[in-house]
Amino acid sequence: MANATGMALRQVRKSFGGHEVIHGIDLDIEAGEFVVFVGPSGCGKSTLLRMIAGLEEVTDGEIEIGGRDVTNLDPSVRGIAMVFQSYALYPHMSVRDNLGFGLKMAHSSKGDIERQVEAAARILKIEALLDRRARPALGGQRQRVAIGRAIVRKPEVFLFDEPLSNLDAELRVSMRIEIARLHRELGNTMVYVTHDQTEAMTLADKIVVLRDGRIEQVGSPREVYEDPANAFVAGFIGSPK
Ligand code: ADP
Ligand code: MG
């Protein structure tokens with residue numbers, strides 16, 4: 001299923017009404033890598049992710065996905081799928097129809113939709129929910145459905161914006177394990193945004209620590225923990241220094 005693709009951000013900037021909030025970000029992401037953007041609330045994680053997704057216009061700079069300049073391309077042709085913090089499921093539809101909705105809109109055949117939906121449900125262990133309505137499902141199950149909706153689209157890159165922050169602590173831990181398994185199983189490039197250091201440390205191949213729209217450090221969880229670039233990183237990650 002995997003179709004891993006690298007990515008690059010080149011001097012990416014974003015201003016809202018003349019006020020710059022992302023100040024020239026440069027970053028390379030390898031194919032198949034699990035990259036986590038971590039930093040305090042308001043540091044620009046969502047804005048950066050939304051620019052990668054094409055949901056927010058880039059003020060300056062370039063975004064490449066799979067060696068292709070996608071800076072001005074429509075979200076639908078970027079080969080990405082995004083999972084949000086709020087699940088945004090269609091409450092009146094069954095789980096099956098929620099999963100297949102995007103494919104239906106893209107005019108996939110009934111057989112294809114069925115196969116993709118069943119495959120995603122198997123991966124996420126929600127086969128038993130397929131014919132229930134999405135609304136009554138519990139938080140963890142709803143989040144599985146939201147992730148399933150991304151899987152059926154077979155994206156090259158998965159983007160996650162704080163997907164677990166609405167869940168209670170116990171579910172957060174089990175869903176975190178699920179997401180790590182998903183990455184091992186699918187092998188896709190994943191870019192994951194969180195303000196939770198523990199989530200970042202346990203999921204990431206590469207951590208990108210952000211503050212006020214700038215990168216403070218890029219490194220493996222171990223590098224960032226054992227050799228923080230500055231006092232901010234040490235304090236945020238909780239390094240023993
Ligand atoms: P994070 O996801 O890390 O909490 P955001 O990307 O949401 O941070 O926000 C980064 C900065 O950009 C914040 O100062 C925020 O107020 C500002 N911002 C985000 N979206 C908008 C918008 N649509 N209009 C104006 N300012 C915005
Ligand atoms: Mg955010």
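Biologist: What is V191 in contact with, leaving aside its neighbours within four places in sequence?

Modeller: V191 touches I29, V35, L49, I52, V157 and L159. Contact here means that the C-beta atoms, placed from the backbone, lie within 7 Å. Bear in mind that the model is predicted, so local features need pLDDT of at least 70 and side-chain atom pairs count only at pLDDT 80 or more, while totals for chains, interfaces and linings use all residues. Residues are numbered from 1 along each chain as its sequence is written, and chains are lettered from A and ligands numbered from 1 in the order in which they are written.

Biologist: How many residues does the largest nonpolar core have?

Modeller: That core has 65 residues, and V36, L159 and V191 have the most contacts inside it. A core is a set of buried Ala, Val, Leu, Ile, Met, Phe, Trp, Tyr and Cys residues joined through C-beta atoms within 7 Å; buried means 20 or more other C-beta atoms within 10 Å of the residue's own, with C-beta atoms placed from the backbone.

Biologist: What's the strand order in the sheet of six?

Modeller: β6-β7-β8-β3-β9-β10, an open sheet with mixed pairing. Its edge strands are β6 (80-83) and β10. Strands are DSSP E runs of at least two residues, helices H or I runs of at least four, both numbered from the N terminus, and two strands pair if DSSP finds at least two bridges between them.

Biologist: Which way do β3 and β8 pair, parallel or antiparallel?

Modeller: Parallel: β3 (residues 34-38) and β8 (residues 189-194) share five bridges, and F34 has M190 in β8 as its bridge partner.

Biologist: And which residue has a positive phi in the β9 and β10 hairpin?

Modeller: D212, near 45 degrees, with two residues between the strands. R211 stands opposite R214 in β10.

Biologist: Switching topic, what surrounds ligand 1?

Modeller: F16, V21, G39, S41, G42, C43, G44, K45, S46 and T47, where near means a C-beta atom, placed from the backbone, within 6 Å of the ligand. The shell splits into three nonpolar, six polar and one charged; Ala, Val, Leu, Ile, Met, Phe, Trp, Tyr, Cys and Pro count as nonpolar, Asp, Glu, Lys and Arg as charged, and the others, Gly among them, as polar.

Biologist: Which element gives the largest share of that shell?

Modeller: α1, with three residues.

Definitions and conventions
Buried ≥ 20, exposed ≤ 12 C-beta atoms within 10 Å, placed from the backbone. Contact = placed C-beta atoms within 7 Å.
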